[in-house]
Amino acid sequence: MTARPRRPLVLRLRYMLILDVVCVLLAVLLAFVIRYEALIRVWPYVRRNWPLFLVAPAVRVCTYLAFRLYHRLWRYASVKELEAILWA
């Protein structure tokens, strides 16, 4: 009996990573807009703090990968998965 290919898991992981990075970047941008109370004039602050836009998604993705949060089947989530999220 041959093993099934794991292609759906790889595709799901890829899309979850991309979506997560986009959400983190938008959250950081929104934090700058709220902090400096300027929707249009926020770009000088963003240019000055550009490393934050690299560090925040990198730390989050690495943390989620270390705790295997992208590999969970959330349809069947239980207390064990909730504990993994809280520890992350």
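## Overall surface and make-up

The protein chain has an accessible surface of about 7,500 Å², and 68% of that surface belongs to carbon and sulfur atoms; accessible areas come from the Shrake-Rupley method with a 1.4 Å probe, and for residues only the protein chains shown count as cover. This is a predicted model, in which local features need pLDDT of at least 70 and side-chain atom pairs count only at pLDDT 80 or more, whereas totals for chains, interfaces and linings use all residues. Residues are numbered from 1 along each chain as its sequence is written, and side-chain values use heavy atoms, with hydrogens and water left out.

The protein chain contains four helices and zero strands, where helices (H or I, at least four residues) and strands (E, at least two) are DSSP runs numbered from the N terminus. Along the sequence, this gives the pattern α-α-α-α. Of the 88 residues in the protein chain, 18% are buried; buried means under 20% relative accessible area, exposed means over 50%, and partly exposed lies in between, with a 1.4 Å probe and protein chains only.

## Confidence

The average pLDDT of the protein chain is 81, and 81% of the residues score at least 70, pLDDT being the predictor's confidence in each residue on a scale from 0 to 100. Confidence is highest in helix α3 (residues 50-66), with a mean of 92, and lowest in helix α4 (residues 79-87), with a mean of 75. Where pLDDT is low, the predicted coordinates should not be read in detail.

## The nonpolar core

The largest nonpolar core has seven residues in all, namely V24, V28, F32, V33, V42, V46 and F53; such a core is a set of buried Ala, Val, Leu, Ile, Met, Phe, Trp, Tyr and Cys residues joined through side-chain atoms within 4.5 Å. Helix α1 (residues 7-36) provides the largest share of this core, with four residues.

Leaving aside residues up to four places away in sequence, V28 touches L52, F53 and A56, where contact means heavy atoms within 4.5 Å. Across the protein chain, 50% of the contacts with a separation of 6 or more are between residues 24 or more positions apart.

## Aromatic pairs

The structure holds three aromatic pairs, a pair being rings of Phe, Tyr and Trp (its six-membered ring) whose centres lie within 6.5 Å, with planes under 30 degrees apart counted as stacked, over 60 as edge-to-face and the rest as tilted. The ring centres of F32 and Y36 are 6.0 Å apart and their planes meet at 25 degrees, so this pair is stacked. Both residues lie in helix α1, four residues apart, which is about one turn of the helix. The rings of Y36 and Y45 are also stacked, because their centres are 3.8 Å apart and their planes are at 5 degrees.

Ring pairs link F32, Y36, Y45 and F53 into a cluster.

D20 is found in helix α1 and is buried, with a relative accessible area of 10%. Not counting residues up to four places away in sequence, D20 touches R60, Y64 and Y70.

C23 is also found in helix α1, but is partly exposed, with a relative accessible area of 42%. C23 and P57 are 34 residues apart in sequence, and their C-alpha atoms are 8.9 Å apart in space.
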